[in-house]
Amino acid sequence: MKFTLSWLKDHLDTDESVEKLADKLTMIGLEVESLEDKAKALAPFTIARVISAEQHPNADRLRVCMVDTGDGAAPVQVVCGAPNARAGLISVFSPPGTYIPGKDITLGIGTIRGVESRGMLCSAAELQISDDHDGIMELPADAPLGKPYAAWAGLGDPVFEINLTPNRQDCTGVHGIARDLAAADMGKFKDPGIKPIKGEFPCPVKVTVEDASLCPGFALRLVRGVKNGPSPDWLQKRLTSIGLRPINALVDITNFMTYDRARPLHVFDAAKVKGNLVVRRGRDGETLLALDGRTYTLDSSICVIADDHGVESLAGIMGGEASGCSETTTDVLIESALWNEINIAQTGRKLGINSDARYRFERGVDPAFMVPGLEMATRLVMEICGGAPSDNIVVGNAFGDDRIIEFPITEVKRLAGIDVAFPEMKRILGHLGFMVAGSGAVVKVAIPSWRSDVHGKADIVEEIVRIVGVDQVPMTPFERGDAPRKPVLKPTQLRTRRAKRALAARGMVEAVTWSFISKPHAELFGGGKAELSLANPIAADLSDMRPSLLPGLVAAAQANSDRGFADVSLFEVGQVFRGDKPEDQLTAAAGVRHGFASQAGLGRNWTGSAAANAFDAKADAFAVLAAAGAPMQALQVVPGGASWLHPGRSGTIQIGPQNVLGTFGELHPRVAEKLGADGPLIAFEIILDRIPEAKQRATRAKPAIELSAFQPVSRDFAFIVDRAVKAGDILRAAQGVDKKLITGVTVFDVYEGKGIDEAKKSVAIAVTIQPREKTMTDQEIEAVAAKIVAEVNKKTGGVLR
């Protein structure tokens with residue numbers, strides 16, 4: 001929501017500074033996202049005149065200009081490359097030391113092709129007041145030399161931009177913002193009443209509302225004999241100051257009402273409306289050419305305003321081109337209505353329309369201002385365009401329901417912890433439009449029609465606290481007590497945190513992707529069930545709850561690749577949905593590597609490059625499992641992964657066939673193609689919820705890392721085994737000989753080929769033996785080695801090579 005200081009002062013009598021107003025807006029919950037004060041930013045830029053413009057001796061496209069800056073000093077020499085630089089031109093000058101916002105530089109004294117330049121003549125783009133950069137600015141001949149350009153051009157009106165929460169529909173208009181500031185002692189609220197305008201004749205157009213649930217109220221008036229054309233300067237400046245383009249007086253009035261009073265209106269060219277108006281549901285297959293130049297296909301879920309000719313407007317969202325007002329309009333129908341908020345939101349999402357009207361109607365507008373808004377718009381039309389008004393036609397309810405809450409005044413202390421005197425409570429609520437009756441311990445508070453978000457006692461406390469100041473809420477420490485503090489984080493939260501840290505330590509970057517994906521993509525990863533599809537998706541490609549984190553990560557990796565960042569490694573820890581109900585959620589950790597983003601070689605570098613492969617994904621997955629507390633000795637790796645992975649370059653991590661923890665490997669080429677991604681892509685996904693909880697045992701405290709004073713011993717073994725034997729089985733057999741003495745077993749070589757039977761392979765392992773009590777003798781080491789050979793032979797049939 002944007003507005004200017006002068007616009008705010010139309011509704012608020014204040015002398016407070018811009019900075020103080022901005023601070024107060026944020027403190028009362030209307031967060032100021034930006035504050036643009038062009039007069040302050042452009043203060044060094046002054047109006048100057050070019051005395052002469054001679055050809056640069058060393059450059060064909062440059063001119064050496066002598067500039068009268070209007071300060072009475074000697075002319076200043078400026079080298080300028082603008083094609084319109086000429087003697088007698090009045091333009092904008094910036095001296096050395098000036099910050100040029102359009103170029104993001106601070107100007108200095110320079111030498112350009114051998115000629116000194118002591119300043120700059122500026123274009124509009126360099127001052128960021130337009131996109132015109134074809135030449136330096138040309139000002140009228142009567143522009144005062146030496147005066148600040150921003151003040152002369154009327155750019156001294158600061159522009160506020162606030163970020164509204166969805167519940168504050170009343171502050172989508174400047175009038176509502178001024179009310180809040182007045183309640184916070186920033187000035188006096190100006191709220192003159194709106195006088196009804198007496199109609200001079202009956203309105204010839206009748207209105208029928210077929211479904212009151214879609215349109216609770218509808219008001220209409222005809223104004224005859226208007227003269228449409230450009231709107232007056234004050235109205236055009238109001239709109240252009242916040243980035244809106246003036247169109248014509250009638251349309252500009254409706255835009256002004258939208259931003260000034262949070263009351264969207266629509267104007268029809270009465271000559272183009274055939275017969276009476278009907279508010280109804282659209283019919284399947286109906287179309288409308290809207291004011292944005294696009295044609296929309298409608299259905300029965302969409303509320304429309306129609307006449308005998310057909311649909312003329314998308315109710316509460318956008319009007320139609322056929323009945324729009326132009327310079328030839330002489331009779332105008334002004335519509336002010338109330339619309340169902342949910343239906344407006346659904347229609348806007350379905351059709352992909354984000355209009356100012358939709359923004360306000362889907363949040364809810366003031367029902368009691370429906371008719372006064374029509375009266376105010378009528379007066380503006382008559383003042384600017386002339387004409388004679390008809391009587392109003394009002395269908396439905398022109399007022400909202402009365403809402404009264406019984407409010408114990410002690411609630412403020414109980415919920416917020418601050419003491420606010422009752423007279424101050426009453427003053428704050430009164431300034432915000434609430435009516436307070438009674439003076440006892442419990443009072444009655446009447447809720448104003450424009451605050452549909454206030455439903456209970458806590459909401460009233462919130463209104464009082466935000467005006468008093470959230471900074472006044474005392475800092476109260478929690479009672480610790482003598483008992484030891486219990487853990488705050490649940491096991492799942494701890495696993496999530498540790499998994500993120502482990503993956504970040506491996507050089508991966510965290511991503512946060514949508515929890516919804518398209519149905520075809522969900523089906524690729526085992527999802528797409530009807531129970532997990534959204535009834536009201538925000539977009540067609542976000543229709544289903546995700547069964548995996550990988551589609552979103554693959555899309556993010558491809559987006560980076562499309563922008564020149566091909567070597568990327570991303571991870572995400574979040575919820576996936578793999579059951580029959582939305583409640584069937586699992587916490588997963590997943591990652592994707594693309595290009596040369598392997599753990600061995602993070603991108604191309606002078607030491608060599610290593611493309612990511614399935615072993616990188618395996619290492620990522622094991623890092624997550626180790627960090628999350630999985631029993632690493634019990635893990636099994638089975639060849640082959642999920643259907644979306646390459647069958648020959650993937651694996652499954654499990655603790656027995658009944659507890660599959662996750663998969664890793666290269667994404668299947670067909671899956672990558674359907675996701676619109678360039679392969680190869682390396683991926684893994686671990687379900688954190690399936691990691692068994694560690695058994696809690698009462699043990700004596702011992703060091704986290706048990707160090708030995710004795711030198712470890714390493715022995716290598718090479719076994720000839722059948723090709724079907726898994727390396728993991730050999731590792732487990734060797735480790736099982738003596739779990740306390742043998743601290744590490746790893747595979748360092750696999751050989752198949754010459755010298756070995758075709759049905760066999762050689763698997764070489766390295767075993768680390770760590771003595772605990774004394775240095776081992778050669779005989780003791782050989783005894784352990786013999787046990788390892790025997791155990792491997794027994795469990796796998798392996799023979800020492």
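Trainee: Are F717 and F719 buried or exposed?

Mentor: Good place to start, and keep in mind that this is a predicted model. A residue counts as buried when its relative accessible area is under 20%. By that cut-off, F717 and F719 are both buried.

Trainee: What kind of pair do the rings of F717 and F719 form?

Mentor: Their ring centres lie 6.2 Å apart, with the planes at 15°. Planes under 30 degrees apart count as stacked. The F717 and F719 pair is therefore stacked.

Trainee: How many aromatic pairs does the structure hold?

Mentor: One of them joins W234 and F256, 5.5 Å centre to centre and edge-to-face, with 90° between the planes. For the whole structure, the number of aromatic pairs is seven.

Trainee: How many residues apart in sequence are the parts that W234 and F256 tie together?

Mentor: W234 is partly exposed, at 41% relative accessible area, while F256 is buried at 7%. W234 sits in helix 6 (residues 233-240) and F256 in helix 7 (residues 249-261). The pair therefore ties together parts whose separation in sequence is 22 residues.

Trainee: How are helix 5 and helix 12 oriented, roughly parallel or roughly antiparallel?

Mentor: The axes of helix 5 (residues 174-183) and helix 12 (residues 422-431) come within 8 Å and cross at roughly 165°. Angles over 145 degrees count as roughly antiparallel. So helix 5 and helix 12 are roughly antiparallel.

Terms used: Residues numbered from 1 in each chain as written. Predicted model: local features only at pLDDT ≥ 70, side-chain atom pairs only at ≥ 80, totals over all residues. Heavy atoms only, no water. Axes fitted to C-alpha atoms, helices over the stretch in contact; angles between N-to-C directions. Helix = DSSP H or I, 4+ residues; strand = E, 2+ residues; numbered from the N terminus. Parallel < 35°, antiparallel > 145°, perpendicular 65-115°, else oblique. Phe/Tyr/Trp six-rings, centres within 6.5 Å; stacked < 30°, edge-to-face > 60°. Buried < 20%, exposed > 50% of the residue type's maximum accessible area, 1.4 Å probe, protein only.
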